[in-house]
Amino acid sequence: MDRIKDLELGDSLSLTQVTELGSRDYTIKGQPHVDPSLFRIEATVIEHPDGKLFTVTKKKQRTASQKTTYHRNRYTMLRVSKIDVNTV
């Protein structure tokens, strides 16, 4: 997921905004999110990796000006430790 700046390695958090939950046999889809009373998901932060390097080139027409910049997206990698699905 996208980088969450407030978290350190080893911190745990509870996920509440989930768009889809389930397995091959049974799936719950949200409109846009699944109701938080139906599930409980706990995850642990294991890494803050950088994404791949993107090159952005800007040119102006009919001139010799050209500008190249680079950037990387930053991510937070989570390990899901517990998933509980409540029956309705």
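Phe-39 is in contact (heavy atoms within 4.5 Å) with Leu-15, Thr-16, Val-18, Leu-21, Val-34, Asp-84, Val-85 and Asn-86, when residues up to four places away in sequence are not counted. The model is a predicted one, in which local features need pLDDT of at least 70 and side-chain atom pairs count only at pLDDT 80 or more, whereas totals for chains, interfaces and linings use all residues. Residues are numbered from 1 along each chain as its sequence is written, and side-chain values use heavy atoms, with hydrogens and water left out.

Phe-39 also belongs to the largest nonpolar core, a set of seven residues that includes Val-18, Leu-21, Ile-28, Val-34, Leu-38 and Ile-41 besides Phe-39. Such a core is defined as a set of buried Ala, Val, Leu, Ile, Met, Phe, Trp, Tyr and Cys residues joined through side-chain atoms within 4.5 Å, where buried means under 20% relative accessible area, exposed means over 50%, and partly exposed lies in between, with a 1.4 Å probe and protein chains only. In soluble globular proteins, nonpolar side chains tend to be buried together.

Val-85, one of the residues touched by Phe-39, lies in strand β7, which spans residues 77-85; strands (E, at least two residues) and helices (H or I, at least four) are DSSP runs numbered from the N terminus. Val-85 counts as partly exposed because its relative accessible area is 46%, and together with Val-80 and Ile-83 it makes a nonpolar surface patch of about 260 Å². Patches are made of residues with over 30% relative accessible area and no salt bridge, like charges being joined within 9 Å and nonpolar side chains (Val, Leu, Ile, Met, Phe, Trp, Tyr) within 5 Å, and the accessible areas come from the Shrake-Rupley method with a 1.4 Å probe, only the protein chains shown counting as cover for residues.

Strand β7 also holds Leu-78, which is partly exposed because its relative accessibility is 23%. Leaving out residues up to four places away in sequence, Leu-78 touches Met-1, Leu-13, Leu-15, Ala-43, Thr-44, Val-45 and Ile-46. The C-alpha atoms of Leu-78 and Ala-64 are separated by 46 Å, although these residues are 14 residues apart along the chain.

A further residue of strand β7 is Lys-82, whose contacts beyond four places in sequence are with Arg-40, Ile-41 and Glu-42. Between Lys-82 and Glu-42 the C-alpha to C-alpha distance is 5.1 Å, while the two residues are 40 residues apart in sequence. Lys-82 forms a salt bridge with Asp-84, the closest N and O atoms being 3.9 Å apart, and such a bridge is defined by a side-chain nitrogen of Lys or Arg within 4 Å of a carboxyl oxygen of Asp or Glu. Both partners are partly exposed, Lys-82 because of its relative accessible area of 34% and Asp-84 because of its relative accessibility of 31%.

The whole structure contains three salt bridges. Side chains of opposite charge can pair when their charged atoms come close. Glu-42 and Arg-40 meet through their side chains at 2.5 Å, N to O, and whereas Glu-42 is partly exposed at 24% relative accessibility, Arg-40 is partly exposed with a relative accessible area of 43%. The side chains of Arg-74 and Asp-50 form another salt bridge, at 2.6 Å, N to O. Arg-74 lies in strand β6 and Asp-50 in strand β5, so this pair ties together parts that are 24 residues apart in sequence. Arg-74 is partly exposed at 47% relative accessibility, as is Asp-50 at 43%.

Thr-76, in the loop between β6 (66-74) and β7, is classed as buried because its relative accessible area is 2%. Its side chain is joined to that of His-48 by a polar contact of 3.3 Å, a term that denotes a pair of N or O atoms within 3.5 Å, of which, within protein, one must be able to donate a hydrogen and the other to accept it, residues adjacent in sequence counting only if both atoms are side-chain atoms. Apart from neighbours within four places in sequence, Thr-76 is in contact with Met-1, Asp-2, Arg-3, Ile-4, Val-45, Glu-47 and His-48.

In the loop between β3 (27-29) and β4 (39-47) lies Pro-32, and the peptide bond from Gln-31 to Pro-32 is cis, with omega near 5 degrees. Arg-62, in the loop between β5 (50-59) and β6, has a positive phi of about 60 degrees although it is not a glycine, and Arg-62 counts as exposed because its relative accessibility is 76%.
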